[in-house]
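Please keep the structure in view while reading.

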Amino acid sequence: MGYGAAHAELYDPVFLSRGKDFEAEAEGLNRLVRSRLPGARSLLDVACGTGAHLENLAKHFDHVEGLDHSPAMREVARGRLPGVAVHPGDMRDFELHRTFDVVTCMGSGLAEADSPEQMAGSVARMSAHLAPGGVLIVEPWYFPDNFLDGHAAGHLFREDGRVVSRLTHSARHGDKSRVEIRFMIVDSSGFREFTEVVVKYLLPKERYEAAFERAGCSVEFVPGFSLADGRPNSPGLFVGVRAGEAAEPVRNA
């Protein structure tokens, strides 16, 4: 799915007000990469969204690019990253005709595939854009054994003369989860509200690992990032390394 313009406008303020630290997460990603490929210089962020991670990853890599399916998210990312290529594309079938030392996919977008096979296909497309010895980092959605069926959550923040509430409800439907997100905004002009629904597969950890291995990558599952109050963003991170000997990195114009 692709978030609309209203959601794209609120995405960063919501997560920042909840205690998400994009700069610290980019530093953590960089450490994971350097421990496996010290000379990495180029990076592609798949499902880059508003470019908040990419903006900070650009501090650590000589060349960065992004890719996202949502026109509204790409517009925000391009506004904050002048001169950086932010490509339109679907992670299931994209082709950029070049490789990178690093590919990242944060925010559990991988689980929004239409089937487990499509998820594995997306991992294969990301691996195909890695140079030999390159690093693939994916943040998954929750697994069947740690997803909280019926979980309700809410958040409210004030910013620039407006008050924003964000309510969510997560429910399990077979091997999928349905997350309904309702926003209400009030400012000097009055009230407005909108709802978006995200459907994500509840895939076991082993399905992700099998997808990495089938795509020619080794894989480790490592601890992920948390919000300021200690709540986790996700179950963790999958970190893979594509088979083959890493070559001396070359800057791509």
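Predicted model: local features only at pLDDT ≥ 70, side-chain atom pairs only at ≥ 80, totals over all residues.

Two residues are in contact here when they have heavy atoms within 4.5 Å. On that basis, residues 24 or more positions apart account for 64% of the contacts in the protein with a separation of 6 or more.

**Overall fold**

- The protein contains six helices and 11 strands.
- The radius of gyration is 18 Å, which agrees with the value near 18 Å for a compact globule with 253 residues.
- Along the principal axes, the C-alpha atoms fill a box of roughly 60 × 40 × 30 Å.
- Of the 253 residues, 50% count as buried.

**Packing of H1 and H4**

- Two packed helices are described by the angle between their axes and the distance between the axes.
- For helix H1 (residues 5-17) and helix H4 (residues 71-80), the axes come within 8 Å and cross at roughly 45°.
- The crossing in which H1 passes H4 is right-handed.
- On the H1 side, the contact is made by Ala5, Ala8, Tyr11 and Asp12; on the H4 side, Ala72, Met73, Val76 and Arg80 take part.
- By residue class, this contact of H1 with H4 comprises six nonpolar, no polar and two charged residues.

Terms used:
Residues numbered from 1 in each chain as written. Heavy atoms only, no water. Axes fitted to C-alpha atoms, helices over the stretch in contact; angles between N-to-C directions. Helix = DSSP H or I, 4+ residues; strand = E, 2+ residues; numbered from the N terminus. Left-handed = near helix turned anticlockwise from the far one by under 90°. Nonpolar A, V, L, I, M, F, W, Y, C, P; charged D, E, K, R; others polar. Rg over C-alpha atoms; globule rule 2.2 N^0.38 Å. Buried < 20%, exposed > 50% of the residue type's maximum accessible area, 1.4 Å probe, protein only.
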